[in-house]
Amino acid sequence: MKRFNNVSLSIALLLLVTGPAYFSDFAIYLFTYGLIMAIAGLAFNVMLGYTGLMSFGHGMFIGAGAYTVALMMKYTGIHSFEVLMPMGIVISGALAAFVGLFCTRQIEIYFAMLTLAFGEILYALCSKFYALTGGTDGIQVKGMSLFGYVLKGGAEFYFFVLGLFVVCTLAMWMICKSPFGTAIQAARDNPTRLGYLGLVVMKYRLIAFIISGAFTGLAGVLLVSLTGHASPELFQVLTSISIVLMVILGGHTSFLGPVVGAIVFVFLQSWLQPLFFWQFFLGVAIILLVMFLPGGVLGGIMTWVRKAVAKLS
Amino acid sequence: MFELIINIILNSIFYAGILFIISAGLQIIYGVLGIINFAHAGAYMLGLYMTFSIMNRIITAHPMLLWTAPIIAAVVVGLFGLIFERVILRFMYHRDPIFQILVTFGMVYIVDDVVRYTWGGYPVGAPPMISSVLEIGGTVYPVYNLLIIGVAFVVSFSLWLLFQKTDIGRLIRATSHDEEMTEALGINVTWVKAGTFLFGSAIAGLAGGLMLSVTGGWPGVGLEYLIMAFVVIVVAGLGSVNGALITALIIGAVNSIGIQFFPRIELAIMFILMAVILTVRPSGLFGTPHH
Amino acid sequence: MGEKSRSQVILETARLTKHFGEVRAVDGVDMQISQGEVLSIVGPNGAGKTTLLKVLSGGHSIDTGTMSFIGRDVSHLGLIQRARMGIVYSFQIPALFENLNALDSISLTLFTREHKTIVFFPTTKRFPGIRQEAQKILKMFNVPETTVTSELPHGQRKLLDVAIAFALKPRLLLLDEPTSGVSTEEKGQVMDTIMPIIRQRNTTAVIVEHDMEIVTRYSHRIIVMDQGKVLVQGSPQEVMNNEKVKEVLLGHAPSVRNEMATPSPGR
């Protein structure tokens, strides 16, 4: 079983690293998009898979990261990643701390609805303060540089994102395997017992939420750099629900499920969205997944492989 | 000044009325099925668009029967709700509440695109059935809006009657309270659940149908009102219909005052209010503490 | 049963009362526990045993009366603070981390004890002592390390629940019916696993139990409760020879291994 994991992981990584050699430009773009959303998905799953809380407002962190970049570029002219990325992370993290103070003290369904509400507030604020944020038109963004080197689009940016993706994945893997990671899982499984051990459950949920928000904010920074445009829709519930779908598509019960889900989702979206009925497919996908494949694609594959391995031995 | 106050008061009650009609359905569904029904947004939208179509059909032949349009639409929406409950939702009853919500959320997007497909992605509207205005204390106010306030009042009174005085109401309350017990007493809980969902969806559809002539409809309209209804039910406490009435009035007032004096951030004010109330009373103003 | 050490009183309650509406579940309980003592609480269903234990743990608030622990008045402290002071509760219906395995559950408990839960990197290399201690504890309690908790049989779930509480090195261990739901044959096994560990570490423990044979075998002192009040307290011999006690615990003479049909769910 472990061998299967290692082999498939290695193959996947190899594919990703050598990709630009044979991918079309559009495929490179999609994979870049997919890896960015994979970061967001992993971050989201810190809350869902590990802490047991589903946020319906994670779009607000994408938006926060995106607008940090857009507003900083617009008002200070800074366009270097080495400044924009930490800023995006810090601001998203701060937003998560603020929102989390209200939301993490609640039970799961209230948490979901409050995060939804906060996302909508930010959407409303962003749309209405036209002078500051460009309102529903959004803000154009381009020409970011890394330590003075201007990244040309396509393959260069792809490798930049790939590198960041690997770093973020390793970071979140470490966090999930750490004592803190065990603590949030315990908070998910039996918050009452955690109290009887002397721990304040809300504290752990809040910290997890901040970590989740910060990484999602980084994804927002990268996303706006890829698409070149920051708009208020990022804060909206559709963005948030898309993240939810990605993660349950890939599987929220495994660490890498969200990565698979994000990449598959991005490809599906590019294929289906030009068709008129993207939301219909979204809705149907959500219902079918939740009802019939709750472990997602990766969960399904793992179960199938486990069964096959058991049969063979 | 006085006219302004009257206007704000009327708008508050009006907004509260619509919010209450929508929220009441949510609360009843939550009480009996234990599910927070996002698909309510779809019911609202379907009710609105169907009312539009029905009105278009009958306006030339039977202009005096226009008032039946929202009611017919409500019934049809109720039936669609019933289908959703029987075909999809009931398989989710034993699942994690978060995933139940997700399924109802999926339905919102399905309905949204169905509406887009059927009616095109354009906003729709209709002139109110009664276009006259009433002069009150120096200001003029549309009679149609007062009519809606009247409907909200009728709905709330009927609900009170239903729950306190009728057998069906007692069945619904019993099932909300203790489903197993009620079932053990020989009541067909499945029907109660299905019927409740039908009823809840129907009144959401009614709200949509009534609002066609006020704010009109557009793709995504359902979610907007639904989110406000969520603020109401969450602040009121899940399951409490009485609480929803009072909270709807509070929210209506805050909204109207907000729009008047702090126009761009009235939404933010309401949400902050909700966040603060929930921090102080996590189960809502009238809710029962979480287990 | 060995000599009870003449050590200091670490827990003392005075007129402890807890009511639920009209019902006085715990009615004016005065009790004391000394360091290293094993105290059992027995009584018929509804006597208030579990409620008393929960009040001691902080899970229920005190209505009137006081409770002092190691010289401090803890009456108004909540369950989190009491746990931090060393009053650790183990559940009648095991409260476990279903998706973690026993090793992770105990390791987490140890990290909690050592105040190392807000650590964001994996620690098997940095704090090897914790993993070793976790393994040792699980060996003592005879619970497999790597089986996911949700797949453990009931007996091992009970043991794991106690192990988690025990891993905190509690100053006062509160065991709520450690053998409830366990088959009669297994009860002995469970207690034979738990009690020697408690004795060896000289842990102070309060145990709510129904099985009188277990109670008399392992306790230094017994409190008999009835209708929220303390009827009698004393050594097993004193209690078992008491007439009032015999009445109340009808059919529970220690010579006959007997027990109530169903354990009290407690209030």
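Two residues count as in contact here if their C-beta atoms, placed from the backbone, lie within 7 Å. By that definition, chain B and chain C do not touch, and their nearest C-alpha atoms are 14 Å apart. Please keep in mind that this is a predicted model.

Of the 2 pairs of chains that touch, which has the most contacts? That is the pair of chains A and B. In that interface, 35 residues of chain B meet 32 residues of chain A. On the chain B side, the elements that supply two or more residues are α4 (97-119), α9 (221-236) and α11 (266-280). Helix α4(B) gives the most, with 16 residues. By class, this side of chain B, the one touching chain A, has 29 nonpolar, 3 polar and 3 charged residues.

Next, chain A against chain C. Here 20 residues of chain A are in contact with 27 residues of chain C. Which elements of chain A give two or more residues to the side that touches chain C? They are α7 (155-177), α8 (179-189) and α9 (191-196) of chain A. The largest share is that of α8(A), at 7 residues. Sorted by class, the side of chain A that touches chain C comes to 10 nonpolar, 7 polar and 3 charged residues.

Now the helix pair, inside chain C. Helix α3 (residues 102-113) and helix α4 (residues 128-141) of chain C pack at an angle of about 120 degrees, and their axes are 9 Å apart. That angle makes α3(C) oblique to α4(C). The crossing of α3(C) past α4(C) is right-handed. From α3(C), the contact uses C:Ala102, C:Leu103, C:Ile106, C:Ser107, C:Leu110 and C:Phe111. From α4(C), the residues are C:Ile130, C:Arg131, C:Glu133, C:Ala134, C:Gln135, C:Ile137 and C:Leu138. By class, that contact has 9 nonpolar, 2 polar and 2 charged residues.

Last, confidence, for chain B. Its mean pLDDT is 88, and 99% of the residues of chain B reach 70 or more. Where in chain B is confidence lowest, and where is it highest? The lowest is strand β1 (residues 133-136) of chain B, with a mean of 81, and the highest is helix α3 (residues 68-87) of chain B, at 94.

Terms used: Residues are numbered from 1 along each chain as its sequence is written. Chains are lettered from A and ligands numbered from 1 in the order in which they are written. This is a predicted model: local features need pLDDT of at least 70, side-chain atom pairs count only at pLDDT 80 or more; totals for chains, interfaces and linings use all residues. Axes are lines fitted to C-alpha atoms, for helices over the stretch in contact, and angles run from 0 to 180 degrees between N-to-C directions. Helices (H or I, at least four residues) and strands (E, at least two) are DSSP runs, numbered from the N terminus. Angles under 35 degrees count as roughly parallel, over 145 as roughly antiparallel, 65 to 115 as roughly perpendicular and the rest as oblique. A crossing is left-handed if the near helix is turned anticlockwise from the far one by less than a right angle, and right-handed if clockwise. Ala, Val, Leu, Ile, Met, Phe, Trp, Tyr, Cys and Pro count as nonpolar, Asp, Glu, Lys and Arg as charged, and the others, Gly among them, as polar. pLDDT is the predictor's confidence in each residue, from 0 to 100.
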